[in-house]
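Biologist: I want to go through this model label by label. For each one, give me the value and the rule behind it.

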Amino acid sequence: MADFKKGVSLMTDTSEAAVPEVDDTEYTEDEAKSVIKANEENFIQGLIDAAGFNATETQRIEIAREGRLFFAFNIHPLTSTDYNRCKEKHTKYVRSKQLGMKLPETTDSVKYRSEIIYQATTEDDRKKLWGNKAIWDALLAQGLQIMGPLDVIDYCLKAGEKDRVIDAIDKLSGFESDLEEVAKN
């Protein structure tokens, strides 16, 4: 049996394709236009391929403690809309009589973070783990209150593990914590 380190393991795909070399040639304005026109199909195909990131990119997350693998699941990147929807769902709003509109009062950060993990989990793993009625029944039998999939996430992941899973989701979704890396791109 494999030895597992305590915490969250992020499994990365080691079969990454080679990065193409960047052409540093300087062109005149007319030459630049002709190069762009010649590569227009590649640009269009690149945009189409980039738009499908959510369906193709996944990463395996393993939850291990004291050398024992407890469970694993796959995540995919989230869009800005997904993050916003998660935040709005777990934010309490109040109506301002002075402004005549609803304003955010508080956000339940625990549920918000669990919602992000739930939404980023692949559909198959959502059903197997967070939405599994057998798991709900077993947790209920232990005296835990289970009202939905987010409760399973709350009970099964430690706070630090949730942090590392969310960091992995953010990184997969294009949020880089390393400013130097972002500046290079």
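Biologist: Where is Glu66 found?

Modeller: Glu66 is in the loop between E2 and E3. Helices (H or I, at least four residues) and strands (E, at least two) are DSSP runs, numbered from the N terminus. This is a predicted model, where local features need pLDDT of at least 70, side-chain atom pairs count only at pLDDT 80 or more, and totals for chains, interfaces and linings use all residues. Residues are numbered from 1 along each chain as its sequence is written, and side-chain values use heavy atoms, with hydrogens and water left out.

Biologist: Why is Glu66 called exposed?

Modeller: Buried means under 20% relative accessible area, exposed over 50%, and partly exposed in between, with a 1.4 Å probe and protein chains only. Glu66 has a relative accessible area of 77%, so Glu66 is exposed.

Biologist: What is the phi of Glu66?

Modeller: Phi is near 50° there, a positive value in a residue other than glycine. Most residues other than glycine have a negative phi.

Biologist: Why does Gln145 count as exposed?

Modeller: Its relative accessibility is 62%, so Gln145 counts as exposed. Gln145 lies in the loop between H7 and H8.

Biologist: What does Gln145 contact, leaving aside its neighbours within four places in sequence?

Modeller: Leu140, Asp151 and Tyr155. Contact means heavy atoms within 4.5 Å.

Biologist: What makes Asp125 count as buried?

Modeller: Asp125 has 7% relative accessibility, so the label is buried. Asp125 sits in helix H6 (residues 123-130). Beyond its neighbours within four places in sequence, Asp125 is in contact with Phe73, Asn74 and Trp130.

Biologist: And what does Trp130 touch, not counting residues up to four places away in sequence?

Modeller: Phe71, Phe73, Ile117, Tyr118, Thr121, Asp125, Trp136, Pro149, Val152 and Ile153.

Biologist: Which residues have the most contacts inside the largest nonpolar core?

Modeller: Phe73, Ile75, Ile117, Trp130 and Ile169, in a core of 27 residues. A nonpolar core is a set of buried Ala, Val, Leu, Ile, Met, Phe, Trp, Tyr and Cys residues joined through side-chain atoms within 4.5 Å. The elements giving two or more residues to this core are strand E2 (59-65), strand E3 (68-75), helix H4 (80-89), H5, H6, helix H7 (133-141), H8 and helix H9 (159-172). In soluble globular proteins, nonpolar side chains tend to be buried together.

Biologist: Take helix H9, the place of Val165. How do you know that Val165 is buried or exposed?

Modeller: Val165 has a relative accessible area of 0%, so Val165 is buried. Its C-alpha is 9.0 Å from that of Ile75, 90 residues away along the chain.

Biologist: Ala168 is also placed in helix H9. What is its label, and why?

Modeller: Buried, because its relative accessible area is 4%. Ala168 and Gln59 are 8.4 Å apart, C-alpha to C-alpha, and 109 residues apart in sequence.

Biologist: At what angle do the axes of H5 and H8 cross?

Modeller: Roughly 100°, and the axes of helix H5 (residues 109-120) and helix H8 (residues 149-156) come within 9 Å. That makes H5 roughly perpendicular to H8. Angles under 35 degrees count as roughly parallel, over 145 as roughly antiparallel, 65 to 115 as roughly perpendicular and the rest as oblique. Axes are lines fitted to C-alpha atoms, for helices over the stretch in contact, and angles run from 0 to 180 degrees between N-to-C directions.

Biologist: Which residues of H5 and H8 make the contact?

Modeller: Val110, Lys111, Ser114, Glu115, Ile117 and Tyr118 of H5, and Pro149, Leu150, Asp151, Ile153 and Asp154 of H8.
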